[in-house]
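Please report on the ring contacts, the ligand surroundings and a few single residues of the structure below.

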Amino acid sequence: MVISCKGLIHLTSGRNVLITGASRGLGEAIAREFGKTGANLILVARSGERLAALAEELGAFAVAADLADPEAGAAVLRAARERVERLDVLVNNAAMVGPIGKFWENDAAAWAETLQVNLLAPAALMRGAIPWMGAGGGGVIVNLSGGGATAPRPNFSAYATAKAGLVRLSETLAVEAAELGVRIHCVAPGAMNTEMLEAVLRAAPEAAGGEYGKAVVQKEKGGDDPAVAARLIAFLASDEVRGVTGRLISAKWDPWETMGEWGAELAGTDIYTLRRIVPEERGKKFE
Ligand SMILES: NC(=O)c1ccc[n+]([C@@H]2O[C@H](COP(=O)([O-])OP(=O)(O)OC[C@H]3O[C@@H](n4cnc5c(N)ncnc54)[C@H](OP(=O)(O)O)[C@@H]3O)[C@@H](O)[C@H]2O)c1
């Protein structure tokens, strides 16, 4: 449920942008990136004080809400509607790692809560945001993908399941919402040294399995820069790539900076989408 709303949004002629999980990590970087474009920011997270400080700095409107509450998505949109007439951009960035360890040993309630925060809350926000954006002439939604969306992530089944579901939901809604002028993308931001990494490092190494060793190395070497993923998200929300929708783009591995030149070629293809691999694609043929 919405706990509190702070900050007076300083409305400019810029776009109205709602970002969840904006109190730290990648979400903060996304807020700063859109802030540079003169956007009117609506920032969502649980931690009221931290969020309020950032909102004050950026002249944003802060909505403190716990997305683990099934009613929170709709309540956040109600709070946003009181401040802005139109919604141009929604970034579903908030997420939690969830229970770490074998699926059958995970706490069932914690597993379900992870699905709520990482999949059902973004779905609830999209359910309200898509028609709202459509009524205003269109908009862009960017959902954050994550480890497990495109390959198994053992010992992180709730996180992986939610992220894979979010990518497929995004692909599906991109088709449904195209007639409303709403584009929907997913972004794989890279491996960043945020609080999410600390959550893996706090887990028992045997519970986290192979991800623990990877996290130790990432912590030592330094992770990917959240500012790069933030720039990609702002780019996908820009007019430069208006014709492109329903794609999962990697901040680290895809040549997205030049998408303005080749993005139109994606239409009608399954490039940058989740699909089943058949034997022929791996040089095999089973009779
Ligand atoms: N870090 C990585 O390497 C990595 C890799 C791939 C994908 N991603 C994705 O990138 C996104 C951002 O991750 P991050 O690394 O920046 O994580 P982070 O530092 O842990 O930040 C998560 C954000 O979500 C908010 N949040 C968490 N639970 C919430 C809840 N129940 N209700 C409302 N807000 C909640 C947190 O604020 P409060 O705690 O104040 O609520 C925080 O602002 C996530 O979707 C993640 O899955 C991250």
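Arg81 lies over the face of Trp132, 4.4 Å from the ring centre. The charged end of Arg153 is placed over the ring of Phe156, at 4.7 Å from its centre. A charge sits over a ring if NZ of Lys or CZ of Arg is within 6 Å of the ring centre and within 35 degrees of the ring normal.

This is a predicted model, in which local features need pLDDT of at least 70 and side-chain atom pairs count only at pLDDT 80 or more, while totals for chains, interfaces and linings use all residues. Residues are numbered from 1 along each chain as its sequence is written, and side-chain values use heavy atoms, with hydrogens and water left out.

**Aromatic pairs**

A pair of aromatic rings is described by the distance of the centres and the angle of the planes. Rings of Phe, Tyr and Trp (its six-membered ring) pair if their centres lie within 6.5 Å; planes under 30 degrees apart count as stacked, over 60 as edge-to-face and the rest as tilted. By this rule there are 3 aromatic pairs. One of them joins Phe103 and Trp111, edge-to-face with 5.4 Å centre to centre and 70° between the planes. Phe235 and Trp256 have ring centres 5.8 Å apart and planes at 50°, so this pair is tilted. Phe235 belongs to helix 9 (residues 226-236) and Trp256 to the loop between strand 8 (248-250) and helix 10 (259-262), so the pair ties together parts 21 residues apart in sequence. Helices (H or I, at least four residues) and strands (E, at least two) are DSSP runs, numbered from the N terminus.

Are Phe235 and Trp256 buried or exposed? Phe235 counts as buried at 9% relative accessibility, and Trp256 counts as buried at 6%. Buried means under 20% relative accessible area, exposed over 50%, and partly exposed in between (1.4 Å probe, protein chains only).

**Ligand surroundings**

Of the 29 residues around the ligand, Arg46, Ser47, Asn93, Tyr159 and Thr194 come nearest; a residue is near if one of its heavy atoms lies within 4 Å of the molecule or strand in question. This shell divides into 15 nonpolar, 9 polar and 5 charged residues. Here Ala, Val, Leu, Ile, Met, Phe, Trp, Tyr, Cys and Pro count as nonpolar, Asp, Glu, Lys and Arg as charged, and the others, Gly among them, as polar. Helix 1 (25-36), helix 5 (157-177) and helix 6 (195-202) each supply at least two residues of the shell.

The table lists distances from an oxygen atom of the ligand to polar atoms of three residues.

| Residue | Part of the residue | Distance to a ligand oxygen |
|---|---|---|
| Gly21 | polar backbone atom | 3.0 Å |
| Lys163 | side-chain N or O atom | 2.9 Å |
| Gly190 | backbone N or O atom | 3.5 Å |

Taken alone the ligand exposes 880 Å², of which the protein buries 94%. Accessible areas come from the Shrake-Rupley method with a 1.4 Å probe; for residues, only the protein chains shown count as cover.

**Single residues**

Asn155 is located in the loop between strand 6 (139-144) and helix 5. Asn155 has a positive phi of about 75° although it is not a glycine, and at 12% relative accessibility it counts as buried. The side chains of Asn155 and Lys102 are joined by a polar contact of 3.3 Å. A polar contact is a pair of N or O atoms within 3.5 Å; within protein, one must be able to donate a hydrogen and the other to accept it, and residues adjacent in sequence count only if both atoms are side-chain atoms.

Tyr272, in the segment after helix 10, has a positive phi near 60°. At 24% relative accessibility, Tyr272 counts as partly exposed.
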